Every structure is written in C-alpha cells, then in structure tokens.
Amino acid sequence: VAHCKGFFFCGQEPFVADEYIERLAWRTPGGGSRGGEAFDPKRLLEEFVNHIQELQVMDERIQRKVEKLEQQCQKEAKEFAKKVQELQKSNQVAFQHFQELDEHISYVATKVCHLGDQLEGVNTPRQRAVEAQKLMKYFNEFLDGELKSDVFTNSEKIKEAADIIQKLHLIAQELPFDSLMGFCCYPLSYPGKYHDLECQLIQEFTSAQRRGEISRMREVAAVLLHFKGYSHCVDVYIKQCQEGAFLRNDVFEDAAILCQRVNKQVGEIFSNPETVLAKLIQNIFEVKLQSYVKDQLEEHRKSDAEQYLKNLYDLYTRTTNLSSKLMEFNLGTDKQTFLSKLIKAIFISYLENYIEVEIGYLKSRSAMILQRYYDSKNHQKRSIGTGGIQDLKERLRQRTNLPLGPSIDTHGETFLSQEVVVNLLQETKQAFERCHRLSDPSDLPKNAFRIFSMLVEFLCTEHIDYALETGLAGIPSSDSKNANLYFLDVVHQANTIFHLFDKQFNDHLMPLISSSPKLSECLQKKKDIIEQMEVKLDMGIDTLNCMIGQMKHILAAEQKKTDFKPEDENNVLIQYTNACVKVCGYVRKQVEKIRNSMDGKNVDTVLMEFGVRFHRLIYEHLQQYSYSCMGGMLAICDVAEYRKCAKDFKIALVLQLFDTLHALCNLLVVAPDNLKQVCSGEQLANLDKNILHSFVQLRVDYRSARLARHFS
C-alpha cells in the first residue's frame with residue numbers, strides 16, 4: 001500500500017496503466033522481467049490480486065473524502081448566498097438614504113440661491129451707495145481744492161486714483177453746465193484735472209518702459225485704456241521702441257528686427273496687440289522708410305537715370321521683401337491690403353512715370369553703346385533704306401541694284417559686335433526685370449512691349465539690319481578679280497545674334513505678356529523682323545554670282561586649250577587639270593563657309609542654288625574646247641573630280657546633274673560604233689538630242705564621215 005501511495009502521489013506526472021503494470025512486474029520476484037530469473041505466473045498473479053485489493057481500498061477512502069468535501073462546499077455556498085442577499089438589502093437601504101439626502105441637499109441649495117439673490121438685491125444698492133458716498137467724498141475734496149485722501153497723495157495708488165477721476169469726469173460730462181450742479185462740477189470737466197492724471201500715467205508708462213518692467217507697463221496700459229490719452233500712450237511706446245533701433249546702414253533689416261522684437265513683447269503689454277503692432281509698422285513706413293527712399297532717389301532722379309532706376313528697383317524690392325516678412329505677424333483681418341497701401345504711399349510718385357524714365361534711359365543708353373562701337377571702328381553710319389518688306393521683295397524679284405547704291409569696300413568688317421549685342425541684351429534684360437517689379441499688373445504687358453520695341457529698334461534695325469545692308473552693299477560685282485566675300489561672315493554673325501535675341505524673347509518677354517493681347521502683337525513684330533531679314537539674306541544670293549565669277553577667273557587663267565587636245569597623245573601624265581584642282585579647292589572652301597554661316601533649311605537652299613550654278617559653269621566651260629581621245633579622258637577625270645566636290649553639297653539634285661555631265665563626257669571618248677548605244681543608256685536617254693549632239697561635236701574626229709554617219 002505504501003508503495004502504491006508513493007507511486008500515485010509523489011510526482012505530478014499523469015498515471016499510465018501500462019507503465020505501472022510493467023514496473024510492478026519488474027519488482028515482483030519471478031515476474032520474468034529481471035534477467036536470469038525464472039518466470040512464475042502464480043506468484044505474479046498473486047501479486048496482481050493483492051495490488052487490486054489495495055487499489056480498491058484506496059478508491060473507497062478517496063471517495064469518502066470527496067463526498068465530505070462536496071458537502072462542505074455546498075454548506076459554504078449556501079452561507080455565501082445568504083450573505084450576498086443581506087448585502088443587497090443593505091445596499092438598497094443605503095441607496096434610499098442617498099436619494100433622500102440628495103433631495104434634501106437640492107432643497108437646501110434652492111433656498112441658499114434664493115437667499116443669495118435676495119442678499120445680492122440688497123447688497124448691490126448698498127455697494128452702489130457706498131461707491132457713490134466715496135465719489136461724493138472725493139468730489140467734496142475737489143470742490144475744496146484740497147486732495148487729502150491717501151488715494152490721491154500716494155503715488156503707488158495711481159490706478160485707484162485714475163479710476164475715481166475717470167468716473168467723476170464722466171459724471172461731470174453728463175451734467176449740463178447751466179445747472180447749479182453742472183457749474184459746481186465744471187472743475188472736474190475742465191481738461192486740466194483729467195489730463196494731469198493722464199500725463200502722470202503716461203509718464204509712469206514711459207519710465208516703466210525704460211526700466212523694462214513689462215508687468216508695470218501692462219498695468220498702466222490697462223488703466224489708460226479707458227482714457228482719451230490711450231492712443232498717446234501707444235505713440236509713446238512706438239517712439240521709444242525705435243530709439244536706438246536704426247543704427248546700421250540697412251534700414252530694412254533694422255525694421256524687420258525691430259518688428260520681430262516688438263511682436264514678442266506687445267502681446268504682454270496691450271489688450272489689442274495687433275493694432276499697436278500695425279501702428280508701429282505704419283510709423284516705420286511713413287517716417288523712416290519714406291525718408292530713406294526719398295533721400296536715395298531724389299539724389300539721382302534728374303542727374304543719373306541709370307543709378308535712379310537701379311536704386312528704385314532695389315528699394316522697391318527690399319520694401320516688398322520686408323512686407324513679406326511682416327505678413328507673418330498678426331496685423332488684423334486684411335494685412336495684405338494694409339501693407340500694400342503703405343508701399344504704394346511711399347513709391348506712388350516714382351512709379352507713376354517709371355516707364356517713361358525707363359524708355360528714355362534705354363533709348364539713350366542703347367544709342368550710346370552703338371555709337372561708341374562705330375566710333376571705335378572709325379565708321380560713319382550711312383542712311384539705309386526704309387522700305388517695308390514688300391519693297392524688299394520687289395527689289396529681290398527684279399534683282400535691282402542693292403539698297404546702298406554702288407558697291408563699297410568694308411575692308412572685311414562685318415559691323416556686327418558680340419560685345420555690343422551682349423550689352424544691349426543685358427540692358428534690356430535688366431529693364432524687363434525692373435518692368436516686372438515696378439509696373440502695375442494692368443500696365444505690365446504694355447510696358448514690356450515698349451521695352452521690346454526699343455530692343456527691336458536698336459538691336460535688330462540699327463545694328464543687325466544695318467550690317468546686312470552694309471554687307472549687301474559690299475558684295476563685289478561678278479566680274480571682280482580676287483573679290484573678298486564678307487557677306488557670309490555677316491550672315492553667320494547675324495544668325496548667331498538673332499538666336500540670342502530669340503532666347504531673350506522667350507525667357508524674359510514671354511512671361512510678362514503670355515496672358516495678354518500684347519502677345520499676338522509681339523509675335524507679329526518678331527515675325528516681321530524675321531521675314532525682313534530673310535528677304536535681305538535672299539538678296540545676298542548675289543554673293544553666289546561673285547563666287548561663280550571667281551571660278552570663271554580661275555578657269556580662264558588656268559585652263560589651256562592644249563589640256564584637252566595634247567600634242568603628244570601618248571605622253572599625258574596628269575590625272576586631272578590644274579584648273580580643276582583650283583576650282584574644286586575654291587568650291588570646298590565656299591561650301592564650308594556657307595554651312596558655317598547659315599543654319600536650318602537656308603543651308604540647303606543656298607547650297608542647291610550654288611550647286612546648280614556650279615554645274616552650269618562647268619557645263620558651259622566644257623563646251624568651249626575640242627577634245628581628242630586622250631583629252632576626252634582627261635575631261636572625264638576632271639568631271640569625276642567635280643562630281644566628288646559636288647558630293648560635299650549633300651544635295652541630291654546637284655549630284656544628279658554632275659552624274660549626267662559625267663555621262664555626257666563619255667561621248668567624247670566612246671567608239672563611233674557605240675555612240676547610239678551610249679546615248680540610249682539610262683542617264684542619257686531622256687536628254688534632248690541637241691544636247692547630245694553638241695557634246696559629240698566637240699570631238700576632234702567629229703567631221704569624219706564615219707562618226708557623222710553613226711550619230712545621224
């Protein structure tokens with residue numbers, strides 16, 4: 001039994017029947033679990049029977065214990081339920097008592113409130129009577145002319161004295177002067193008595209401000225709030241705040257620092273801080289800033305327009321920046337309008353005629369920049385044609401004389417200056433910036449257009465257009481020898497300058513006029529300028545005549561009749577003629593110059609015209625000579641070299657023309673029997689028979705009966 005108890009209760013592990021039987025069999029002698037022992041089933045059975053009996057006894061004992069505990073638990077549950085019922089009854093009784101107490105308290109409170117109202121009804125007239133008695137006492141002292149009360153003689157009770165004086169003053173103001181009482185109260189209504197105390201309070205406020213006693217300042221300001229001199233107290237505060245605040249050269253930074261300092265302090269002193277701060281800002285703008293702006297602008301207004309405009313722009317910008325900083329403070333409901341009015345009051349006299357000053361300065365400055373440049377070149381400007389675009393187109397159509405009359409020698413000068421252009425654009429850029437800042441929004445597009453018109457007049461007309469006209473006049477005639485073609489240099493520089501002009505148009509003018517009717521007007525003006533310049537560039541096509549003239553001179557000087565009809569047919573050592581080499585070299589230089597001088601479609605247009613004229617020149621040049629067999633081969637080599645040169649044009653039409661010319665030159669060397677076959681080839685089949693015939697006639701053997709018969 002002891003062994004079973006130990007097995008059941010000594011540990012916390014759950015009971016497992018198989019393990020228990022296994023252990024029991026292992027401990028029983030003869031159970032067969034130990035090694036070396038014989039198995040004895042009877043003994044094992046006997047052991048099992050004994051253990052079963054022990055377990056039954058144990059089960060009965062535990063069952064009795066469980067029943068006893070259940071009975072005890074039921075008894076305690078009944079006792080607990082009974083106790084809970086008693087507590088519920090006690091709680092109900094207490095709640096009833098609480099309700100009765102609450103009703104009693106409410107009844108008493110009602111009585112107390114009623115009693116308080118009755119006491120207040122009695123006490124209020126009493127207090128008024130006491131106050132009236134005190135006022136009458138103080139009134140008698142004023143009538144006697146001797147102020148004996150401590151409230152008037154003690155400087156520390158100035159607040160109480162101010163309250164009494166204020167009340168007596170109001171009473172005196174309400175009484176008619178022609179009554180006896182009014183006549184007696186006249187000393188109180190006379191400004192001296194009232195204002196004496198006001199002056200004392202303001203003096204006390206001033207002293208407290210100098211000592212930095214914020215609490216005393218707040219106390220005195222609260223007293224003065226009911227006096228007429230309260231605004232004077234604010235004025236004194238504003239005046240003393242500015243003492244020593246503007247010691248540096250930067251009045252705008254000093255004003256910002258002062259307002260930040262006062263903004264932190266004013267709420268601790270006055271009951272209406274936003275009004276006081278707004279009055280301080282108004283005083284700063286109307287006194288300090290207006291005086292400073294006037295001193296800075298009036299000094300240069302009539303003597304130096306450039307410095308005047310710079311100062312006006314700088315001062316207006318700094319004033320608006322200061323206004324932006326002040327927007328952070330509480331200045332009332334519409335602080336934006338308040339600050340705008342202050343700024344307008346300072347600058348209105350300067351902004352009314354700003355654009356006239358701007359245009360006048362820009363005009364004189366631009367004229368000076370141009371004149372200084374032409375003086376540096378020792379050049380006296382000539383008057384140029386003033387005709388419109390239609391007049392230019394008509395001159396172009398008729399190819400009449402150039403607008404400046406006979407050809408002039410510009411000595412290689414283009415009369416275009418990068419420095420002049422940069423200076424003009426910089427002046428205009430600054431003018432646009434000032435216009436944006438200083439113009440009224442309703443006048444901004446109109447003013448910007450006027451500035452743009454100045455730029456067009458001096459940059460496009462007086463400088464670029466004049467240079468183009470001068471360049472056109474400087475184009476030599478087509479029969480000139482060793483002519484220098486500077487017009488392409490003019491075109492190149494004018495093209496670069498116009499890109500800068502267009503960039504400023506987009507970057508600085510467009511934002512100012514983008515949402516106004518002036519936009520279309522500016523775009524049309526710009527379009528007219530471009531068209532006018534393009535017409536003049538088209539007129540410069542006469543430069544190509546000069547190029548062709550130079551090539552004619554080269555061919556005339558270098559090409560010999562014996563080149564294509566050598567005396568010794570078997571002793572020709574050159575691949576192409578010297579004239580061809582020089583012409584190709586000249587053409588390549590001109591092509592490169594044209595590409596560098598122009599851009600866009602203009603390059604292809606000019607190169608096509610130049611290529612066609614180049615082809616016509618070579619075609620007509622070849623028609624002047626007779627060709628032997630070896631001379632014809634040399635002509636083919638020359639044309640092949642011309643064709644290589646034509647590839648640099650990168651124009652399909654030009655290359656096609658030289659391909660055809662090269663095919664025509666084959667007629668100079670082909671055997672008579674093959675002439676018809678060659679003429680019916682792909683490149684020559686569509687040509688006029690007269691053209692083919694003209695080339696065949698250049699052969700030295702053309703008059704032979706055989707050749708004439710084959711070609712007929």
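Reader: How do H15 and H18 pack, at what angle and how far apart?

Author: This is a predicted model. In it, H15 (residues 354-376) and H18 (residues 444-473) pack at about 10°. Their axes are 10 Å apart. Angles under 35 degrees count as roughly parallel, so H15 is roughly parallel to H18.

Reader: Is the crossing of H15 and H18 left-handed or right-handed?

Author: Right-handed, for H15 and H18.

Reader: Which residues of H15 and H18 make the contact?

Author: From H15, the list includes Ile355, Ile359, Leu362, Leu370, Tyr373 and Tyr374. H18 brings Ile451, Met454, Phe458 and Tyr466, among others. Charged residues take part too, including Glu356, Glu358 and Lys363 of H15 and Arg450 and Glu462 of H18.

Reader: And by class, what is in the contact of H15 with H18?

Author: 11 nonpolar, three polar and five charged residues.

Reader: Next pair. How do the axes of H12 and H13 cross?

Author: The axes of H12 (residues 273-298) and H13 (residues 305-326) cross at roughly 165° and come within 10 Å. Over 145 degrees counts as roughly antiparallel, so that is what H12 is to H13. The crossing of H12 and H13 is right-handed.

Reader: Which residues of H12 and H13 are in contact?

Author: On H12, they include Ile281, Phe285, Leu289 and Val293. On H13, Leu312, Leu315, Leu322 and Leu326 are among them. The contact of H12 with H13 divides into 11 nonpolar, three polar and one charged residue.

Reader: Where is asparagine 378 found, and is it buried or exposed?

Author: Asparagine 378 sits in the loop between H15 and H16 (389-398). Its relative accessibility is 76%, so it counts as exposed.

Reader: What about lysine 650, where does it lie, and what is its phi?

Author: Lysine 650 lies in the loop between H24 (629-647) and H25 (652-665). Its phi is positive, near 55°. Lysine 650 counts as exposed because its relative accessibility is 68%.

Reader: Last bit, the whole chain. How many helices and strands?

Author: The protein chain has 28 helices and zero strands. Of its 712 residues, 38% are buried.

Terms used. Residues are numbered from 1 along each chain as its sequence is written. This is a predicted model: local features need pLDDT of at least 70, side-chain atom pairs count only at pLDDT 80 or more; totals for chains, interfaces and linings use all residues. Side-chain values use heavy atoms; hydrogens and water are left out. Axes are lines fitted to C-alpha atoms, for helices over the stretch in contact, and angles run from 0 to 180 degrees between N-to-C directions. Helices (H or I, at least four residues) and strands (E, at least two) are DSSP runs, numbered from the N terminus. Angles under 35 degrees count as roughly parallel, over 145 as roughly antiparallel, 65 to 115 as roughly perpendicular and the rest as oblique. A crossing is left-handed if the near helix is turned anticlockwise from the far one by less than a right angle, and right-handed if clockwise. Contact means heavy atoms within 4.5 Å. Buried means under 20% relative accessible area, exposed over 50%, partly exposed in between (1.4 Å probe, protein chains only).
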